[in-house]
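Hi everyone, thanks for coming.

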Amino acid sequence: MFNRIATAALVLCVAACAAPRPAAPPAPSRPTAVLQTLPARGSYQIDSADSELRVLVYRAGPLAGLGHNHVMVNRAMTGLVQVGGDVSASSFSLNVPVDEFVVDDARARSEEGGDFSGDISEDARAGTRSNMLSAAVLNGLKYPSIVVKSVALAGTPAALSADLEVSVAGHSVRISTPLILQGDAHRMTATGSVQLRQTALGLAPYSLMHGALQVQDALLVKFKFVVAAN
């Protein structure tokens, strides 16, 4: 009986939230200086090969020991950056296909440290991913992408803040986050991290056995997107 409960708890654990733990965003793919000026005006495509969205998922509840913390990674984001005459005249949009999330990749777990130690079985990874894409959470069949659009950019390339509209599973929310821009006139990397809550996105935090096993409402998202001039 205990094994069945433990297995069910692990398989059903939702990969849609994360604890607000201090964590640095993914590092740029190569060392670069902080940008002081924007690249030349124009449109730039996101380089999917070097870009990444990462979500950390933390267990909660009295029976949290039956579950695991999870790392969700998406390396298939696409999008467009419009560079204007200054920061306020620039904008960007990102499209993140939810079906491309990779659950508990061993390398990603190792990069996130001790909270993500231990291997996760293939069955457990598949179960977590299936539940994440289900109609109860991201509803991947109806809403195949998470869309992020900049509403306003302010500051300087060296100290940039972004007001964003995030659309997920049919719900939209406005958030603000700082961005770190690095690179040069030919290649630019933007990194950052932002704390969100499932309830703010219109999602219900997962709970099992009357809350004995659950995931936290708060979630931490880390991102890196890269653009390169043609």
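Strand 4 is mostly covered, with 5 of its 5 residues buried. By buried I mean under 20% relative accessible area, with exposed being over 50% and partly exposed in between, using a 1.4 Å probe and protein chains only. Helices (H or I, at least four residues) and strands (E, at least two) are DSSP runs, numbered from the N terminus. Both faces of strand 4 are covered: His 70, Met 72 and Asn 74 sit on one side, Val 71 and Val 73 on the other, and all are buried.

A quick word on the ground rules. This is a predicted model, so local features need pLDDT of at least 70 and side-chain atom pairs count only at pLDDT 80 or more, while totals for chains, interfaces and linings use all residues. Residues are numbered from 1 along each chain as its sequence is written, and side-chain values use heavy atoms, with hydrogens and water left out.

How confident is the predictor, then? pLDDT is its confidence in each residue, from 0 to 100. The mean for the protein is 78, and 75% of the residues reach 70 or more. Confidence is lowest in helix 1 (residues 2-12), at a mean of 35, and highest in strand 6 (residues 91-97), at 96. Over residues 1-31 the pLDDT stays under 50, and for that stretch the model has 83 contacts beyond four places in sequence, a contact being heavy atoms within 4.5 Å. Residues 60-64 also come out below 50, with 16 contacts in the model beyond near neighbours in sequence.

Back to strand 4 and its neighbours. Strands count as paired if DSSP finds at least two bridges between them. Strand 2 pairs with strand 4 in the antiparallel sense over 5 bridges; Leu 53 stands opposite Asn 74, and Leu 56 stands opposite Val 71. Strand 4 also pairs with strand 7, again antiparallel, over 2 bridges, and there Val 73 has Val 102 as its bridge partner.

Now zoom out. These strands belong to an open sheet of 11 strands with antiparallel pairing, in the order 1-5-6-8-9-10-11-14-2-4-7. Which strands stand at the edges? They are strand 1 (42-45) and strand 7 (102-103), each with a single partner strand, so one side of each has no neighbour in the sheet.

Ala 40 lies in the loop between helix 1 and strand 1 and is exposed, at 51% relative accessible area. Its C-alpha is 7.0 Å from that of Val 83, although Ala 40 and Val 83 are 43 residues apart along the chain.

On to charges. The structure holds 12 salt bridges, each a side-chain nitrogen of Lys or Arg within 4 Å of a carboxyl oxygen of Asp or Glu. Arg 75 and Glu 52 form one of them, at 3.2 Å from N to O. Arg 75 is in the loop between strand 4 (70-74) and strand 5 (78-83), and Glu 52 is in strand 2 (residues 52-57), 23 residues apart. Here Arg 75 is partly exposed at 41%, whereas Glu 52 is buried at 8%.

Glu 112 and Lys 222 make another, with their closest N and O atoms 2.9 Å apart. Glu 112 lies in the loop between helix 2 (106-111) and helix 3 (122-133) and Lys 222 in strand 14 (residues 218-228), so the pair ties together parts 110 residues apart in sequence. Both partners are buried: Glu 112 at 17% and Lys 222 at 4%. What else joins in? A network of salt bridges links Glu 52, Arg 54, Arg 75, Arg 107, Glu 111, Glu 112 and Lys 222.

Finally, the rings. The whole structure has 1 aromatic pair. The rings of Phe 92 and Phe 225 have centres 5.1 Å apart and planes at 40°, so the pair is tilted. For the cut-offs, rings of Phe, Tyr and Trp (its six-membered ring) pair if their centres lie within 6.5 Å; planes under 30 degrees apart are stacked, over 60 edge-to-face, and the rest tilted. Phe 92 lies in strand 6 and Phe 225 in strand 14, so this pair ties together parts 133 residues apart in sequence. Phe 92 and Phe 225 are both buried.

Key
pLDDT = per-residue confidence, 0-100.
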